[in-house]
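Keep the structure open beside the text as you read.

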Amino acid sequence: MKSKMVLLLPAILGLLWVAPAFAGDHVEAAEEYKTDSETGLIKAPGFDTVKNNCTVCHSARLFTSRGYTRKIWLEQIRWMQDTQGLWEFSPEVEEEILDYLETYYPPR
Amino acid sequence: MTDHKNERSDQANKSEQEIKETGELTETGAARRSFLGNLGKGGAALAVFGLGAETAMQTLFNRSTLSSAVAAGIEGFHVDGKVDGFIWLNDRPINGELPPHLLHDEVTPFPNMFIRNNGVPPEKAGIDASAWTLTVHGEAANGEKSYTIADLKEKFEHHTLQIWIECGGNGRAAFEPSPRGNQWDLGAVGCPTWTGVRLRDVLDDVGYDADKAVYIGYKAGDAHLSGRDDLDALSRGCPMRKALEDETLIVWAMNDEDIPEQHGYPLRLITPGFPGSASGKWLTEILVRDREHDGQGMTGHSYRVPRHPVEPGADVPNEDMVVLEEMPVKSLITYPETGAETSVGSTLKVAGKAWDGYGDVEELHVSTDFGVTWQKADLKRPVNKFAWQTWEADIEFSEPGFHQVWAVATNSKGDRQPMVLPGWNPRGYGNNKAHHIDVRVKA
């Protein structure tokens, strides 16, 4: 046990040291922008469009508890449009939503 | 704690040298990123305080509620009567689970029963239970028949059974890459008593063509999240073989009282052993189908798993997905809460629950050495088929330090819970990986 602890201390120090480098886009994004108190969404560019289109029926927690790739985000939008009563987006709105989700809610 | 974070703790326990030697740097980087992403600055600060480095790190990585740190951010949300410590994953729809130590009751009381809603439940205050009807019809039914709750109570034999319900996605949070859906950790399961009548008796009363009948589907009184009348929030069911079992019930009471609003007031279905979604709440219709039911939640990837194993992250075409039926054998350690302390030479009583989709758990074993050796626990028989089973074991630790207690259940077919994460699937169902708690042993 003791030898394990000795080995562990440098590991922890190392972990803290690399924290900024490994913090990832999502965490950096979260630090740059404020969080909307109502939805919990990051108030980055695209926030209003996402809030207005993606939190009418369900809370944002349904999709922000984990992050996904652009491909998966689009699949989820299509599934909601095909089966769950989600309206069609204009190409510009869809791009804005996908850009926002891809940038601030990537796989993590 | 979620299992994926346990694996991260394994990484964190390695020194830089060990990591270099085993060539795991990339994975470790990813693990650190996720770890920091989840904990944020608070987590790092906690580690800095690092009283005994080992225990501090282990604790951070082994809290059963850790993965719900995000969900815990739902401020001010609460369902009346639910226990303090309830983990709210979502408020619209309402979804919440329990940390394992709050599932210790032998019969799960209302405050400790998880909630998984897909839509918006009908408000109890607006329901006249005496006017609520259940209508049975469908391609394979001999006509159509409606029953009030009073009709059901009067016409059919009553049964009170203790039956567990577990969300099909319980344990989803452990899968990587992350499947869509609520990120359930461990506690989307509970086992109250239910009182009602057998679905089989009602189906017999209506009459159906046994050669034609394949599946039953339900319709329910909750509203789709979009508010659209033409969409069901959830409309699932089960094959006839399951519908006709003794323990498949239409119930009006939970723990001898009216079913609470969030759990299906005034009438619901109980389909034991299947994912919770097969036990429709706010029940209004039963369809006797001549094909697999195709309602909301039956098709595509919903409540389905790949026919054959797939690699993590795979794109699985719909035609290769099959309906998830019996839930796999599983157990939880519900006492003590993870992080317990004891001392060398004293006895620690460890206790929990075990259940299986086929109805009987045969054995439960615990290990304090990560599975090298096993100790058989005292496992009680279920009070009835599909009641979860309680178990306990007296454990003694021969050396001080940081220990873990792991529990593994074995069902009547000899199937055992895995100690590693079971096969990845697109929606993250059926994670029955063995549960463990941390125990600090003083000299």
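In chain B, strand 6 (residues 159-162) and strand 9 run antiparallel and are joined by four bridges. This is a predicted model. Within that pairing, His159(B) has Gly196(B) of strand 9 as its bridge partner. Strand 9 also pairs with strand 12 (residues 249-254) of chain B, again in the antiparallel sense, over five bridges. There, Val197(B) stands opposite Ile250(B) of strand 12. In general, strands of a sheet pair through backbone hydrogen bonds.

How many of the six residues of strand 9 of chain B are buried? Six of the six are, so strand 9 (residues 193-198) is largely enclosed by the rest of the structure.

Helix 6 of chain B covers residues 199-206. Its buried residues are Leu199(B), Asp201(B), Val202(B), Leu203(B) and Val206(B). Gly207(B) follows the helix, with a positive phi near 85°.

**Another sheet in chain B**

Three strands of chain B form an open sheet in the order 1-2-3, with antiparallel pairing. Strand 1 (87-91) and strand 3 (115-116) stand at the edges, and each has a single partner strand, so one side of each is left without a neighbour in the sheet. Four bridges link strand 1 to strand 2 (residues 94-97) of chain B. Among the paired residues, Trp88(B) has Gly96(B) in strand 2 as its bridge partner.

| Strands of chain B | Sense | Bridges |
|---|---|---|
| strand 1 and strand 2 | antiparallel | four bridges |
| strand 6 and strand 9 | antiparallel | four bridges |
| strand 9 and strand 12 | antiparallel | five bridges |

Ser277(B) sits in the loop between strand 14 (268-270) and strand 15 (283-289) of chain B. Is Ser277(B) buried or exposed? Its relative accessible area is 9%, and buried means under 20%, so Ser277(B) counts as buried. Beyond its neighbours within four places in sequence, Ser277(B) is in contact with Tyr218(B), Leu234(B), Arg236(B) and Tyr303(B). Tyr303(B) is 26 residues away from Ser277(B) along the chain, yet their C-alpha atoms are separated by 8.3 Å.

Two cysteines of chain B are buried as well. Cys191(B) has a relative accessible area of 0%. Cys238(B) comes to 1% relative accessibility.

**Chain B as a whole**

Chain B has seven helices and 26 strands. It has 443 residues, of which 59% count as buried. Take the contacts between residues at least 6 apart in sequence: 70% of them join residues at least 24 apart. The chain exposes about 17,100 Å², and carbon and sulfur atoms supply 48% of that area.

**Cavities**

Rolling a probe the size of a water molecule over the atoms shows where empty space is left. The count comes to five cavities of 30 Å³ or more. What is the volume of the largest cavity? It is about 890 Å³. Its lining takes in 43 residues, and those nearest its centre are Leu62(A), Gln76(A), Trp79(A), Met80(A) and Gln84(A). Four elements of chain A give two or more residues to this lining: helix 3 (47-54), helix 4 (61-64), helix 5 (70-83) and helix 6 (91-104). Helix 5 of chain A gives the most, with six residues.

Key:
Residues numbered from 1 in each chain as written. Chains lettered and ligands numbered in written order. Predicted model: local features only at pLDDT ≥ 70, side-chain atom pairs only at ≥ 80, totals over all residues. Heavy atoms only, no water. Buried < 20%, exposed > 50% of the residue type's maximum accessible area, 1.4 Å probe, protein only. Pairing = 2+ DSSP bridges. Contact = heavy atoms within 4.5 Å. Areas by Shrake-Rupley, 256 points an atom, 1.4 Å probe, with all protein chains shown as cover. 1 Å grid on protein atoms, 1.4 Å probe; cavity = no way out; pocket = protein on both sides within 12 Å on 5 of 7 lines; lining within 4 Å. Points joined across faces, edges and corners; volume = space filled by probe spheres on them.
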